[in-house]
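Dear colleague,

Please find below the structure that I am handing over to you, followed by a summary of the findings.

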Amino acid sequence: MFHIYRRSRNPAFWISLFLLIVSFLLPVRGITETDENTLAYLKTLSIEELLELKVTSVSKRPETLFNAAAAITVITPEDIRRTGARTIPDILRLVPGIQVGQVDGSKWEIGARGFNDFFENKLLVLIDGRSLYTPLYSGIYWDRVDTILEDIERIEVIRGPGATVWGANAVNGVINIISKNSAETQGGLVQAMYGTREQPLAAARFGGRFGETTAYRFYVKGFKRDEMETASGADAHDALQSSRAGLRLDSSWKDSSLSFQSELYKGEADFTSLLSGFLTPPFFRRSEETEKFHGGHILTEYHHNLSKVSDVNVKLYYTGYTQDLVVVEEERDTFDFELQHHLKRWPDHQIVWGVGVRWTEDETEGTFSTTFTPASESTVLWSAFLQDDISVVENTLWCTVGSKFEHNDYSGFEIQPSIRLRYMPEKHHLLWAAISRAVRTPSRTEQDVTIHFASFQQGPTPVQLRLVGNDDFDSEELIAYEFGYRWQWTDSLSVDVATFYNDYGDLRGERQGRAFLETAPLPSHLVIPNTFVNNIEGESYGIEISAAWQVLEHLKLMAGYSWMDLNLEYSDRHQSNTLNSLNSEKNYPRHQFQIRGYYDMSPSLSLNGELYYVDEYESDTIGEYLRFDLQLLWEPLEALQLAVGGENLLSSGHKEAIPTGSGIVSSHIPPTYWLKATYRF
Amino acid sequence: MSLALQLQWCLRKTRFLCLAAFLGVLSLASAGVAPASPQTTEHHVKAVFLYNLARFVSWPGLWMERSEYFTIGIVGNPPFGAIIDQVVTGERWRGKPMRVVFYDEAEDISVRVCDVLYIGADQLRHFDDIKERLAGLPVLTVADTPGFLAMGGMVNLVRKQQRIGVGVNLQAVRYSELSISSKLLRLATIVD
């Protein structure tokens with residue numbers, strides 16, 4: 001990361017860097033003094049005046065978060081509001097150790113601790129406990145992951161395995177998006193946004209109550225995102241339009257609470273496709289395509305306090321969607337049931353156990369380039385877990401042991417245990433360490449797919465390279481060793497360090513089979529088949545550091561840095577590997593750095609900026625880049641918020657991702673500007 | 001230098017000027033040169049409100065004679081825990097020194113000690129036990145969690161957009177032989 005500074009000897013940069021460092025070194029001018037002044041002032045106010053005061057949100061950082069023995073970062077509504085992030089993938093850029101690369105107008109490559117390629121499959125993403133991971137190829141359709149951003153309560157991002165609780169596929173990270181309880185979203189909200197990309201975005205929400213026990217909200221959101229450009233400045237044909245409508249109901253009684261939510265969405269995403277594998281010259285076809293999708297979900301969750309020492313949580317959901325991805329059509333229905341019981345009967349033990357079952361059925365329709373055999377399949381996933389948090393030395397040392405036990409139709413039984421220790425030598429200091437095993441279970445793709453992914457002329461016959469599913473493909477495995485330290489120095493300054501060593505086995509690679517001649521379809525052609533096999537192993541290690549400092553009441557600074565290295569190799573070196581999977585697995589930047597500032601110029605005006613540095617990718621596909629986002633927020637009235645923002649301001653456009661193997665042409669990510677108005681009533 | 005190189009150089013220069021300006025603003029701001037604007041956090045307001053609340057509530061005389069202190073009990077982990085201590089230290093209520101007593105868990109509460117009892121969100125699931133133990137004693141129960149009044153709590157501080165709102169459950173207040181001044185009631189949302 002350092003050569004960019006070496007390259008530019010701009011004095012202004014050095015001066016301001018110096019200023020910044022000096023300002024950090026200055027004595028922290030009376031944090032408590034300011035606090036005291038504020039309190040003294042507040043105490044002089046009458047109760048009416050007190051209740052008339054406008055207050056700023058304080059991020060809820062429950063003690064449990066400080067105590068977590070995992071590399072966890074929580075994104076608060078304040079972060080979302082101030083950064084002005086337009087999409088959930090953009091919000092995730094705030095987390096050190098998460099790699100976010102935008103492919104085009106609707107697609108992203110997002111990874112935790114590496115592996116952010118287009119078919120990223122080691123990340124679990126949930127909204128209110130509903131899994132968004134597609135069993136088709138174990139990835140996430142990021143353009144479908146959306147809601148009214150103001151209605152998000154928090155986003156918990158866990159880097160590293162979370163499989164003991166969350167189950168298979170929570171290998172490299174878990175992203176848990178939690179929406180607000182309806183009681184928190186009372187009243188109306190109307191929002192409109194217009195800019196170089198959003199043309200326009202509009203959202204509305206209304207929340208109310210039925211009596212004292214039940215609160216509700218319903219909402220609609222829709223947007224049309226204009227296309228970006230290609231490297232040569234032509235239209236990239238990557239516009240996205242999407243709309244969604246939903247409702248949520250929350251009831252709470254003495255000992256229990258019930259939540260119900262439902263949503264419907266639909267959308268269309270343009271993309272430029274570069275498909276290969278055709279049998280006649282030029283063997284590939286570049287075309288402008290549009291994928292269409294629609295779907296929805298129903299989720300209900302019930303929580304009951306059985307007694308002082310035990311409570312139970314039951315969750316049931318259905319999701320369904322249909323999508324035409326151009327290369328394949330997929331229709332999927334999923335039902336999921338989960339039960340969790342939390343028991344604190346013994347003073348030194350906190351026990352959580354649960355059981356769950358998930359049934360999913362799909363129906364696919366293939367094309368020349370991609371087919372699934374069988375075209376339709378249904379699978380069942382059974383799971384159970386048990387975890388005990390043991391207080392070993394009171395208020396000083398805890399040990400959490402547990403395991404998930406799962407059975408899936410592809411790889412059978414999977415056991416994913418973990419042991420986590422946390423040690424608090426004194427208040428505000430926490431050391432933690434963990435060893436865990438997680439697996440990424442096979443997806444439909446690895447077992448059932450046939451992809452014609454490339455072809456060329458060799459002598460008189462065309463040659464076609466083919467990827468073929470393998471029923472013997474097994475789970476990918478990770479044993480992770482993690483260590484971390486958290487320090488809450490004062491109420492206003494905290495530091496978080498996490499390190500990891502990941503030992504991967506049985507990762508997905510390909511093995512070339514014996515070539516054969518095929519006469520149908522004509523012209524007759526030579527087929528070189530490749531099948532998915534578990535033939536890659538390796539290790540990665542890295543460190544993620546983040547710090548947050550409330551410098552003054554009106555200024556907050558946050559910084560993050562992450563470094564990692566990933567080394568993979570074939571476990572069957574004697575085999576010929578034409579596809580070079582290793583290179584696509586090296587889709588990650590070694591260094592990432594970010595600094596963020598929230599600055600209130602007056603009670604109604606704030607300036608917020610983020611600067612990100614992303615190192616060049618190890619696979620050499622993406623060069624290093626800087627990204628600078630800035631947003632000015634103005635609240636002329638209590639009910640009205642106006643924002644003007646810009647993203648990616650330092651660049652004239654850069655590539656953030658090359659979606660290897662997807663047949664999708666990536667776009668240049670340009671600077672983006674917007675205006676946004678939000679009115680509450 | 002070719003034109004392309006020159007352009008690239010200019011671009012890089014402006015990019016770093018932008019960056020420099022941003023870092024500069026941050027530095028100046030962090031050094032405290034920028035004018036301070038008193039921004040009030042929810043926690044500050046809630047802490048001061050809790051302290052103020054006592055002035056609008058009357059306790060039965062006999063009850064108040066039991067202790068030389070006016071005590072605000074706090075159970076659980078309210079985010080303004082440290083602030084309330086700071087607010088109350090050195091203050092008096094009708095001549096009695098005010099103090100804050102913290103309890104980690106509901107079981108630890110000594111009900112006869114508190115005049116006001118604040119229940120943190122994390123301990124609300126034990127509120128039934130707390131109520132049972134209070135058994136009608138004139139202890140003002142306060143929380144800042146939606147739904148608290150429905151559970152039989154007395155005063156609830158709820159965020160309403162950018163302000164703090166007060167909800168009062170009059171039935172629960174009366175049952176405990178407390179009375180709340182009409183001045184506060186005028187400002188509050190009443191649940192009967």
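A:Asp79 counts as buried because its relative accessibility is 7%, in what is a predicted model. Its salt-bridge partner is A:Arg596, with 3.4 Å between the closest N and O atoms. The two residues belong to helix H6 (residues 77–83) and strand S29 of chain A respectively, so the bridge ties together parts that are 517 residues apart in sequence. A:Arg596 is likewise classed as buried, at 8% relative accessibility.

A:Arg82 and A:Asp600 meet through their side chains in a salt bridge, at 3.1 Å from N to O. This pair connects helix H6 with strand S29 of chain A across 518 residues. A:Arg82 is buried at 5% relative accessibility, and A:Asp600 is buried at 7%.

A:Arg81 forms a salt bridge with A:Glu635, where the closest N and O atoms are 3.8 Å apart. Here distant parts of the chain are linked, with A:Arg81 in helix H6 and A:Glu635 in strand S31 of chain A, 554 residues apart. A:Glu635 is buried at 11% relative accessibility, whereas A:Arg81 is partly exposed at 27%.

Over all chains, the structure holds 49 salt bridges. One network of salt bridges links A:Arg86, A:Asp90, A:Arg93, A:Glu198, A:Arg225, A:Arg627, A:Asp629, A:Glu647 and A:Glu656.

The largest cavity has a volume of about 140 Å³. It is lined by 17 residues, and those closest to its centre are A:Arg93, A:Ile98, A:Gln592, A:Tyr612 and A:Val614. A:Arg93 is also a member of the salt-bridge network named above. By class, the lining of the largest cavity comprises 10 nonpolar, five polar and two charged residues. At least two lining residues come from each of the following strands of chain A: S2 (98–102), S28 (555–570), S29 (591–602), S30 (605–614) and S31 (625–637).

On the surface, a nonpolar patch is formed by A:Val190, A:Phe206, A:Phe218, A:Leu247, A:Tyr679 and A:Phe681. Together these residues have about 560 Å² of accessible area. Among them, A:Phe206 is located in strand S9 (residues 198–210) of chain A. A:Phe206 counts as partly exposed because its relative accessibility is 33%.

Yours sincerely

Definitions and conventions: Residues numbered from 1 in each chain as written. Chains lettered and ligands numbered in written order. Predicted model: local features only at pLDDT ≥ 70, side-chain atom pairs only at ≥ 80, totals over all residues. Heavy atoms only, no water. Patch = residues over 30% accessible without salt bridge, like charges linked within 9 Å, V, L, I, M, F, W, Y side chains within 5 Å. Areas by Shrake-Rupley, 256 points an atom, 1.4 Å probe, with all protein chains shown as cover. Salt bridge = Lys/Arg side-chain N within 4 Å of Asp/Glu carboxyl O. Helix = DSSP H or I, 4+ residues; strand = E, 2+ residues; numbered from the N terminus. Buried < 20%, exposed > 50% of the residue type's maximum accessible area, 1.4 Å probe, protein only. 1 Å grid on protein atoms, 1.4 Å probe; cavity = no way out; pocket = protein on both sides within 12 Å on 5 of 7 lines; lining within 4 Å. Points joined across faces, edges and corners; volume = space filled by probe spheres on them. Nonpolar A, V, L, I, M, F, W, Y, C, P; charged D, E, K, R; others polar.
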